[in-house]
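Colleague: Thanks for making time for this. Could we go through the model together, one question at a time?

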Amino acid sequence: MSFASETKNELARVMPEKKCCMLAEIAGFMRIAGSIRLAGGGKFKIAMTTPNPAVARHYKTLIKNYFSIDTSVEMGQGSSLKRGNAYILSIGPESLSEQILRETGILIVKEGMNVISDGIYDALIKTKCCRKSYLRGAFLGGGTVNNPEKEYHFEISAGTENLAKDLRRLLNSFTDINAKTIERRNGYGVYLKSGEQVRDAIGIMGASGQFFKFDEIMMMKELKSQTCRINNLDNANIDKSVRAAEKQIMSINKIKESRGLDFLPAKLKEAAEVRLENPDVGIEELGKLISPPLSKSGINNRLRRIEEIAKEL
């Protein structure tokens, strides 16, 4: 099972306690996963489609708890042939479909006529708990989240640009969330790419188990990344030390062949001989072999002076 499916299954077990949150979640799901069909006589039929059976059961229960109606559920073809079968929840005129559309802010009256709105009804998301519920509904209706072991990506599909802007504003109403929109072939997407933001969005919607799972994977990836950076840094330092030692030995040999090491002052001669005897030793350890022992800067200064003398020769 994919990480997205596991997340949706966990969210489908979250049942809002407040009536306002129930309505907000139903509205979010209906806005993304629903479609409206004419049933004759100016009446409407609502059809909500989901490929996830747990999500279908959840909204059948939630709608019954809030509106006191039984929603019919049947199997049908998903919106894409690749998706296979889907569960279709239907609400007809006999079940007060028009009233439900009005309460969810989908059907509004404009200039005396019924109009299907394409944004989020602000009255549904006045409180933080209702915003969380609406977001959960929208994600269950048309959201996805990638496996964090592969990449960080959270996205909710939106049919119109206006809805995408409203969803982005909804997400960004939460602290440290900075959602963006993108135009897709079949509409728009509202997405997050930051690992921390994707994790927080999962937590905001109420999937605490998936939140901690995501967080653990993210920490392990960061630990591996830090280990890799440290190893690369260590290797770079080793390479640097090897190149420096080779340069020092070349300078010492040049002086030895040209003038002999006795040409050097006693302290520089001692440093030169110790370096020749210990070509693979780091600067700090090399300083400890001098009598009396020298600090790292002390042995560096002597070797630097030897290189300057070699250049002069």
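What follows is a set of questions and answers about this predicted model.

Colleague: Let's start with the second largest pocket: which element gives the largest share of its lining?
Modeller: Happy to. That pocket holds about 520 Å³ of space, and of its 22 lining residues Lys 240, Ser 241, Ala 244, Gln 248 and Ile 283 are the closest to the centre. The elements giving two or more residues to the lining are α8 (208-258), α10 (283-288) and α11 (296-312). The largest share, 10 residues, comes from α8.

Colleague: Moving on to the helices, is α5 largely enclosed or largely open?
Modeller: Helix α5 covers residues 128-142 and reaches 21 Å from its first C-alpha to its last, close to the 21 Å expected at 1.5 Å a residue. Its buried residues include Cys 130, Arg 131, Tyr 134 and Phe 139. Because 12 of its 15 residues are buried, the rest of the structure leaves α5 largely enclosed.

Colleague: And how many residues of α2 are buried?
Modeller: Helix α2 runs over residues 19-33, which gives it 15 residues. From first C-alpha to last it reaches 21 Å, close to the 21 Å expected at 1.5 Å a residue. This helix is mostly covered, and its buried residues number 13.

Colleague: I'd like to look at Asp 166 next: which side chain does its own side chain make a polar contact with?
Modeller: Asp 166 sits in helix α6 (residues 161-172). Its relative accessibility is 10%, so it falls under the 20% limit and counts as buried. Leaving out residues up to four places away in sequence, Asp 166 touches Gly 119 and Ile 120. The polar contact, at 2.7 Å, is with the side chain of Arg 169.

Colleague: What about Asn 52: which side chain is its polar partner?
Modeller: Asn 52 belongs to the loop between β2 (43-50) and α3, and it counts as buried because its relative accessibility is 12%, under the 20% limit. Setting aside neighbours within four places in sequence, its contacts are Ser 5, Lys 8, Asn 9 and Tyr 87. Its side chain makes a polar contact, at 3.1 Å, with the side chain of Asn 9.

Colleague: Now for the backbone: is the peptide bond from Ser 291 to Pro 292 cis or trans?
Modeller: Most peptide bonds are trans. Pro 292 is found in the loop between α10 and α11. With omega near -5°, the bond from Ser 291 to Pro 292 is cis.

Colleague: Where is Leu 96 found, and what is its phi near?
Modeller: Leu 96 is in the loop between β4 (85-91) and α4 (97-103). Because its relative accessibility is 45%, it counts as partly exposed. Leu 96 is a residue other than glycine with a positive phi, near 60°.

Colleague: Thinking about distances across the model, what separates the C-alpha atoms of Thr 144 and Arg 304?
Modeller: Thr 144 is in strand β7 (residues 143-145) and is partly exposed, with a relative accessible area of 35%. Beyond residues up to four places away in sequence, Thr 144 touches Ala 4, Phe 139, His 153, Phe 154 and Glu 155. Thr 144 and Arg 304 are 160 residues apart along the chain, and their C-alpha atoms are separated by 60 Å.

Terms used
Residues are numbered from 1 along each chain as its sequence is written. This is a predicted model: local features need pLDDT of at least 70, side-chain atom pairs count only at pLDDT 80 or more; totals for chains, interfaces and linings use all residues. Side-chain values use heavy atoms; hydrogens and water are left out. On a 1 Å grid over the protein atoms alone, a cavity is a set of points where a 1.4 Å probe fits but cannot get out, and a pocket is an open set with protein on both sides within 12 Å along at least five of seven lines; lining residues have an atom within 4 Å of a point. Grid points are joined across faces, edges and corners, and a volume is the space filled by probe spheres set on the points. Helices (H or I, at least four residues) and strands (E, at least two) are DSSP runs, numbered from the N terminus. The expected span of a helix is 1.5 Å times one less than its number of residues. Buried means under 20% relative accessible area, exposed over 50%, partly exposed in between (1.4 Å probe, protein chains only). A polar contact is a pair of N or O atoms within 3.5 Å; within protein, one must be able to donate a hydrogen and the other to accept it, and residues adjacent in sequence count only if both atoms are side-chain atoms. Contact means heavy atoms within 4.5 Å.
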